[in-house]
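Hi everyone, thanks for coming.

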Amino acid sequence: MSQPSYKLSAVLSGHSSDVRAITAQGSELLVSGSRDGTARIWERVGPNEFAQDKVLTGHRGSVRVVTVVPPTTENPNGMVATGGEDKTVCLWDPTDFTQPATRLTGHSDCISALAVSADGTAVVSGSWDSTAKVWVDGVCKHTLVGHQQTVWAVLVLDDGSVITGSADKSICRWVDGRIAQTYSGHTDCVRALVLLPDGRFASASNDTTVRVWSVAGGECQAVMRGHSAFIYTLAVLPDGTIVSGGEDRTVRVWRDSRLAHTIFVPSTSVWDVATLDNGDIASGTSDGLVRIFTQEKTRLASSSEAVHFAEANAAFMMSKKTIQDFHPSMLLERDRLSKPGETNEQIIFVKSGSFVEVYQWDQDSGKWNQVGQISDAAGQAVKKMFDGKEYDYVFDVDIQEGAPPLKLPFNATENPYMAAQRFLEKNQLNMDHLDTVANFIIKNADDVTLGDNTQQSYADPFTGTNRYVPNQSGGGGGTASGGYGDPFTGGNRYTPSGTSSDSYVPPSEYVISKQGNVGAIIKKLTEFNALVAQDAATASLALGEAELQNIKGMESLGDSSFSVTEDMYKSLLHAALQWPKDKRFPVLDLLRLTIAHSRLPALSQPSGKDLVGSVGEAAGIFEVLGNTSSSGAVLSKLDEINLMMGVRALANGFATKEGGDLVWKSRGRILEALEDSWTKTGNKNLVTAVSNLYLNLAIAATKKNDDDSGLNVLSAASRFLDATTIADAQLRLINVFGVLSSRFQLCKDSARILGDTTIVILGVNGGSDAVKDAAKRVGGFLSA
């Protein structure tokens, strides 16, 4: 007899962003870490209730990993360890969570993994810098150098050896700081490791498998398949049962190398899972919540909370990619829901109009629970043949009176704009009809009930009759293009005519703005300094003679033999931060060029702020742009000018490694300020500057091997691209798609969803020939 299913026990709400990390101590305490920059301590206050006990605020940037350090002689209360985007590991004394008791510094990039030895004497950290470090008594004992990419997972064995898993697909065991053994088998990033009670260990990967390994022998003893997307996390129950979570919105439980339970959550990503001593499972997810699941009836959530969870699951919209081995032949009629499931947690797919509803059988209650909807699985049961291929619909389109109608084939899984473009190109019709034909497809395809065997009637959007007659405004050149299919999976996808998936080479170098007449800028700055000095209200803010001479001494800025001095930069920041806003433009322009040509702005903090803080304050990026983006206000002309120069200066930060690191470190704050900024201004130069900063951030994400941050940039860029008509911005944003999709499969999959329609349209109607060409090349690459 199968074990009871896991059901909701509690929901812990408090974080304001993704919960990236979760760990448990016993059955009474949880620690979570979040992208909101905090870690939180949760204590059980009832069978199905936890309360937030403490908030830990020692990191600058997101908290990526957490773990609990067992008690030792030196620390009899144990400790809590957290690792963050700020490159540090913080150790917290449970008797005083106001600040970290110890900070472990030495990594040069974000902390991505933490583990601790069973006796609590050693902490091991992994980082985006491709290394792991072994810390004993707060001192780095070993730096493990050998991986080529991010170390995503670390593990400490009872014998003191360390196991690491990396984005380079490898797993290594280290003894006394040296590689003693490697474990090969995964075909993509290794994201998680867990030690099993019998001495073996398990690993999980972006290749969607969980593998069990012999430590000594090095052989893979089991491969578990069931997830349909990246697996991010592993944990183990006291009896050796393995728990995993990933990008397919599921927590999965594996017993004896077989899938025993599947728990759906109403959130895109399950970032981390933890197990409690009582057998319950905790998950941290991208919706900012911690959820606990149990098999024990006495710990079930309240009925109201269970109903809310069930409703959220039922309404969750997903792609068929998140369902393992889905195929249209698996679709069932609604009357199947009146019959019991064949096994506990059986999954079925039920047709419901243009959607497919996903149900899971609950043996305990004897009913089917809806756990989601698939929006891209619709299609008619009886296909129609056209040009030797099967389609869900083949519409008749009248071009002119007395002429035979043209055939417009369409599959329900296609992007309507792609189908419309294919139809217009094949029949050499004017591309001005793209929107009209696409909207016609959307309207009439939606009218067809999934599985209906009859040809549905459909109406001309203009006349109401059963034929669509486009307005003739002249023929358009075009060539027949090949078929294409599901925009989510990429199967048989459309490649724009004249391009191939191999013709796109993404930019790999940062776009730096170095153009400027330094002499003219300094002349204008000198004039403005005189005006500042003449006004009684601002006279005290003017540059003194020595400071002005420092600025004038920068006239050779850009020459290979010229170096910016500390005094020059200090004088420049004086004006940038203290002058009235209407006088700052030439100062910001000179600051932009200084950042492009010198490392000093990234190394010096004469104002007490780093490069990002100084530029942000001087240009109003965080105060003016950030507040405007959230309030819906429109930017003033003065703010537009200052912001343009400030955003250019931030983009120029990537001209040096030190400057690029500072901008990258503040990427979350920058992206938040830039959000929707393009809707607040019509200033072409500002909009283009913002798009250029997005492109540089995208290139940085590839150099840092950070698909998570890349996805954040891609998501914002997709909204930007949908909204802007400025050709220079379109070109840069299209390349954001190309850069990230070329490097990260996660971004490529997301780009197919976020940008397919817009990029197809820009390939025809882009604001310039360069935009059209880039859109076709990137579109072809995404289609490959």
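Let's start with a definition: rings of Phe, Tyr and Trp (for Trp, the six-membered ring) pair if their centres lie within 6.5 Å, and planes under 30 degrees apart count as stacked, over 60 as edge-to-face and the rest as tilted. By that rule, this structure holds eleven aromatic pairs. One of them is Tyr-183 with Trp-213, an edge-to-face pair at 5.9 Å centre to centre, with 75° between the planes. Tyr-183 sits in strand E17 (residues 178-183) and Trp-213 in strand E20 (residues 209-213), so to speak 30 residues apart, and the pair links distant parts of the chain.

A quick word on what you're looking at. This is a predicted model, where local features need pLDDT of at least 70, side-chain atom pairs count only at pLDDT 80 or more, and totals for chains, interfaces and linings use all residues. Residues are numbered from 1 along each chain as its sequence is written, and side-chain values use heavy atoms, with hydrogens and water left out.

The element names come from DSSP runs, numbered from the N terminus: helices (H or I) have at least four residues, strands (E) at least two.

Now the sheet. Strands pair if DSSP finds at least two bridges between them. Five of them make an open, mixed sheet, in the order E29-E33-E32-E31-E30. E29 (317-318) and E30 (331-332) are the edges with a single partner strand each, so one side of each has no neighbour in the sheet. Inside, E32 (residues 355-362) and E33 (residues 367-374) run antiparallel over seven bridges. Glu-357, for instance, has Gln-373 in E33 as its bridge partner.

On to helices. Axes are lines fitted to C-alpha atoms, for helices over the stretch in contact, and angles run from 0 to 180 degrees between N-to-C directions. How do H4 and H5 pack? H4 (residues 518-534) and H5 (residues 545-552) pack at about 165°, axes 10 Å apart. That makes them roughly antiparallel, a label for angles over 145 degrees, with under 35 roughly parallel, 65 to 115 roughly perpendicular and the rest oblique.

Finally, H6 (residues 566-578) and H7 (residues 585-597) pack at about 140°, with axes 9 Å apart. Contact here means heavy atoms within 4.5 Å. From H6, Tyr-569, Leu-572, Leu-573, Ala-575 and Ala-576 meet Val-587, Leu-590, Leu-591 and Thr-594 of H7.
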